[in-house]
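Student: I have the sequence and the model open. Can we go through the helices and the surface together?

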Amino acid sequence: KNKNQNDTMDIISTLLIAIALAMDAFSVSLTKGFSLKNIKKSQILWFAIFFGGFQALMPLIGWCAGTQLEVIVSTIAPWIAFILLVLIGANMIRESLSEEDEEEDDKFSFKELTLLAIATSIDAFAVGVTYAMLKTDILIPIIIIGITAFIFTIVGIIIGKKIGNYFGDKMEILGGVILILLGIKILLEGLGILVL
């Protein structure tokens, strides 16, 4: 009975970790919902696959690396996430303020998608390292983390699209600001200045 209780607690705690990790992906998905007006279902699926995939992959890499790389990654990772999110956010604001009408679909790029997926999943690496230190099996956690991020991404884009349609083009500026703030939050957490 105790083992079953422990297993249930492990799954609940893993689910809570997965939700916490998925919030960054959710925030970015909202901004993409704002900015990609004509986003196709296939593109939404790509976002979900990339965000969910990277959220599952990073803890696995962290777990495999164990404690060896922990110091290096925990120092550098927040800066990488910060730089990527600020650059992408600033670019979104610049595009929104520029007068030229661009083809909306041109804004979907796998390069940007990959950078966003990396930036939002770096903190998942540390979770993988933690699981390695606790000598916990990683298979169930990465499945739960990946699926949670996948679902949160789709929901985020759909909500963002509805809000974006309602409020119009200037939502893209808000999207850029959200990305920049998210980058600052990750950096401050990484430096131990902000604890949320």
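Student: Which helix gives the most to the nonpolar patch?

Tutor: First, the ground rules. This is a predicted model, where local features need pLDDT of at least 70, side-chain atom pairs need 80 or more, and totals for chains, interfaces and linings use all residues. Numbering runs from 1 along each chain as its sequence is written, and side-chain values use heavy atoms, without hydrogens and water. The patch includes Ile143, Ile147 and Val155, and its top contributor, with 7 residues, is helix H5 (residues 139–167). (Helices are DSSP runs of H or I, at least four residues, numbered from the N terminus.)

Student: Is Val155 buried, partly exposed or exposed?

Tutor: Val155 sits in helix H5. Buried means under 20% relative accessible area, exposed over 50%, and partly exposed in between (1.4 Å probe, protein chains only). Val155 has 37% relative accessibility, so it is partly exposed.

Student: What separates the C-alpha atoms of Asn165 and Phe34?

Tutor: Asn165 is also in H5. Its relative accessible area is 51%, so Asn165 is exposed. Along the chain, Asn165 and Phe34 are 131 residues apart, yet their C-alpha atoms are separated by 7.5 Å.

Student: What arc do the buried residues of H6 cover?

Tutor: The buried residues of H6 include Met171, Leu179 and Leu187.

Student: Which residue with positive phi follows H6?

Tutor: H6 spans residues 171–190. After it comes a residue with phi near 80 degrees: Gly192.

Conventions. Helix = DSSP H or I, 4+ residues; strand = E, 2+ residues; numbered from the N terminus. Expected span 1.5 Å × (residues − 1). Patch = residues over 30% accessible without salt bridge, like charges linked within 9 Å, V, L, I, M, F, W, Y side chains within 5 Å. Areas by Shrake-Rupley, 256 points an atom, 1.4 Å probe, with all protein chains shown as cover. Salt bridge = Lys/Arg side-chain N within 4 Å of Asp/Glu carboxyl O.
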